[in-house]
Amino acid sequence: MPFMPVKFNLQKRVKLAQGLWMLYWFSVIAGILIFSLGIFFKIELRKRSEMMDDNESHLVPNLLILAGMLACGFNAFGGKVCHDSLDPMKFSKWKPMLKTYLQLCCGFNILLVLVSLLCFLMQFSVYLTLAEGLSYAIRFYKDTDTPGRCFMKRTLDMTQIEFRCCGNNNFRDWFEVQWISNRYLDMSNDVVKDRVLSNVEGKYLMDSVPFSCCNPGSPRPCIQHHLTNNSAHYDYDHRTEELNIWTRGCREALFSYYSSLMSSIGVLVLFTIVLESVDMAGLKYLSTALETMSEPDNPECESEGWLLEKGVKETFSDLLTKLKTLGRTNQVEGGDAPEANT
């Protein structure tokens, strides 16, 4: 007995074909969105690859671009089939392809499920890459004359301004590195010389942050130097006063941006999976309803459509039997090969 059978007349078949045609083109739009977001995500990763030490993974955006292109192709084909379904002459040329097409759509849905899962699971990988990459970027912020790091300062400054953040975890990360190049330090100055010599690694460390950490919304002029020295500023206490620099770390800010982007894309892909499943079910109903017309020459006659030709249990049993038969065939072929060689 067929699974979920439905009776159709001409009016119902026409409505189903028209509704499916619209749904398929909605799916094409969803495919275009997935493709566009994949390109956008790839550009965003490339734009800040220095912040990730060039170790960022492009697996998710590449899969999104591929899935978007396949979605456009598959759904445009499905829309064309639905458009031609009410014309027996036109539908006859698509009929032999429908079984293969639906199988490909099932495989495509599995790919979409994988892409959706990766959108959520790969967020932890992005977090770890940002943590390592930002530490690297801060450490080499001063190396504007070193090949390969010439634009590190500009990239990091623009990131801190755009995302309103400072340092990796917080602004204190800048206290632990020398972020001013030696070429801009006057080594004849006793204060500079003493500070360099007092450090075990010979670094010029100070309790200061770059200008890009400044919060322009603060009513007080930016205090970016001697942040922990209360006596260096009038009416200032770094322990109680709200600092006029960004206190949020760039790792948190960037991760929040990328994770929200990946989550939004993941939700869109899940929505597309639902849309694709509805399209497949509708096309299955339409094709079986057209095949079971009692009088093919009479468009007014009734027919019956279904999702599965047999029940769910019988369908799975048949599928398992086919898989077992295929496995046995492969074993027999593998066992005959050595004998043929001898």
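Predicted model: local features only at pLDDT ≥ 70, side-chain atom pairs only at ≥ 80, totals over all residues.
I began with burial: of the 342 residues of the protein chain, 40% count as buried (buried is under 20% relative accessible area, exposed over 50%, partly exposed in between, with a 1.4 Å probe and protein chains only). Residues are numbered from 1 along each chain as its sequence is written, and side-chain values use heavy atoms, with hydrogens and water left out.

Next I looked up the elements. I found 9 helices and 2 strands (DSSP runs numbered from the N terminus: helices are H or I with at least four residues, strands E with at least two).

Then I checked for holes. I got 1 cavity of 30 Å³ or more, and the largest cavity has a volume of about 100 Å³. (On a 1 Å grid over the protein atoms alone, a cavity is a set of points where a 1.4 Å probe fits but cannot get out; lining residues have an atom within 4 Å of a point. Points are joined across faces, edges and corners, and the volume is the space filled by probe spheres set on them.) Its lining includes F41, L45, E56 and M262. Helix α5 (123-139) gives the most to that lining, with 3 residues.

Last stop, M22. I found M22 in helix α1 (residues 10-47). Why does M22 count as partly exposed? Because its relative accessibility is 49%.

Notes
1 Å grid on protein atoms, 1.4 Å probe; cavity = no way out; pocket = protein on both sides within 12 Å on 5 of 7 lines; lining within 4 Å.
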